[in-house]
Amino acid sequence: MHTDIGNALGGDPALTRDGLDELDADVATAHERIADGMADDAFGYTALNLPETADPDRIRNAVAPFADSEAVLTVGIGGSALGAATLCNGLESETDAYFLDNVDPEHTSRLLDSLDLSRTAVNVVSNSGTTAETLSNFLVVREAMADAGVDWAEQTFVTTGPEGNLRNLATKHDLPALDVPEGVPGRFSVLSTVGLAAAAIQGHDIEAVLAGAAEERDRLAGSLYDSPAYAYGATSYALAERGAVTNAFMPYAESLETFAEWFAQLWAESLGKDGRGQTPARALGATDQHSQLQLYRAGPRDKLVTLVRPTERADRGIPETDLEGLSYLGGQSLGTLLDAEFEATEASLTAANCPNVRIEIDRVDERGLGELLFGMEAACICYGELADLSTFTQPAVEWGKKAARGLLGGGEFAEAQAVRGKDRLVVE
Ligand SMILES: O=P(O)(O)OC[C@H]1O[C@H](O)[C@H](O)[C@@H](O)[C@@H]1O
């Protein structure tokens, strides 16, 4: 992964090279704390050890019974779905991958009706083993399988923590179970069983994902100028502190669209605390050049734009044409056009003083995704250290979970009272 922060300097909000140089001493301290956390396998930091500690053979063996499946359906939400979705949606496979995260009944029904459940492996993922959306969707999937005359227990495996309803269910029905590694929060779990099992069923080279991640880990160093991950984390932090409270994250590859979703969870849930943080906005190049870019270039001066692309991709030529005014396109390729658009957007933002960062990988393949995923995790942790935030907690998300559970009669939660006490001012 390469991080080019040249265009992050000298814009509005203003960040100077001197400012970054000054921050570099804090990056050195942050790096020490991160290295200590990794060495101690401390909660959260241990996620950065996954390139070494994840066991691809164990994952491959666990999913071997499902190798002939036509599709893999992952039932999970948040960190228990987005990592696997990033890998599966980023890479080509003959085995289809589907994800049930939301509990929209229409979507769930439509998806289940469209699948051949007799040829579908079901991967139920929940670290806590108690998440209402995941367990509800699983109960619905199980019923649909039974209705279709499918032995659900033959086609289901779980990925979960040591305790909880899902662990109990796996024990009761003797389902294959993969363990979520201890101390790894969901949004940092993509390089573990949580993110890699579905990719393994799809036949992807999960060792290469880990190798890409390991390469990025080896480049963590005590200076932001030596580590692409810290360069991104430190620059984002410095800009946010100066007013760039929005991070418009814009990959130029359809295959990276889910990666932007994964990034949004990582950045928002980890760094949105104590009145601080940087709001991730998901965009896709070149599509959103024709919509959101207007705001990024000419709207409030409160943004960092992150442009991400592979430098190599399978290309497709644009046919020659004698259509008037279009001859300049003939003989070019879609890839050349996309690259030109990327560079034009970058220049256009810079000309308007909008700070932007360029992140590149060689290709969207297993290795490249491993680099990006690890790189963004390390960037996020670095940002959290610099801002002195508790990167690995999510009290605000837990609040809503408790409120919803209380409303459904799942226990006594003070948070549910707040929902009942909602102020109303209805206009009809
Ligand atoms: O894996 P689970 O325990 O089911 O949790 C799934 C998700 O739940 C919550 O919303 C957390 O804030 C997320 O970080 C987590 O990834």
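This short report looks at the nonpolar cores and the ligand site of the structure above.

The model is predicted, so to speak of local features takes pLDDT of at least 70 and side-chain atom pairs count only at pLDDT 80 or more, while totals for chains, interfaces and linings use all residues. Residues are numbered from 1 along each chain as its sequence is written, and side-chain values use heavy atoms, leaving out hydrogens and water.

**The cores**

A nonpolar core is a set of buried Ala, Val, Leu, Ile, Met, Phe, Trp, Tyr and Cys residues joined through side-chain atoms within 4.5 Å; buried means under 20% relative accessible area with a 1.4 Å probe, protein chains only. The largest one here has 87 residues, and Tyr232, Phe259, Trp262 and Met376 have the most contacts inside it. Helix α15 (residues 366-387) gives this core its largest share, 13 residues; helices are DSSP runs (H or I) of at least four residues, numbered from the N terminus. Because domain 1 (2-36 + 210-387) and domain 2 (55-180) both contribute residues, the core lies between them. The domain bounds come from an automatic or database assignment. A second, separate core has 21 residues, among them Trp152 and Val158.

**The ligand**

Around the ligand are 15 residues (each with a heavy atom within 4 Å), and the closest include Ser80 and Glu269. The table lists polar contacts, pairs of N or O atoms within 3.5 Å.

| Residue | Protein atom | Distance to a ligand oxygen |
|---|---|---|
| Gly79 | polar backbone atom | 2.8 Å |
| Asn127 | polar backbone atom | 2.7 Å |
| Thr131 | side-chain N or O atom | 2.5 Å |

The protein covers 89% of the 390 Å² of accessible area that the ligand has on its own (Shrake-Rupley method, 1.4 Å probe).

Technical notes: Buried < 20%, exposed > 50% of the residue type's maximum accessible area, 1.4 Å probe, protein only. Helix = DSSP H or I, 4+ residues; strand = E, 2+ residues; numbered from the N terminus. Polar contact = N/O pair within 3.5 Å; in protein donor to acceptor, adjacent residues only side chain to side chain.
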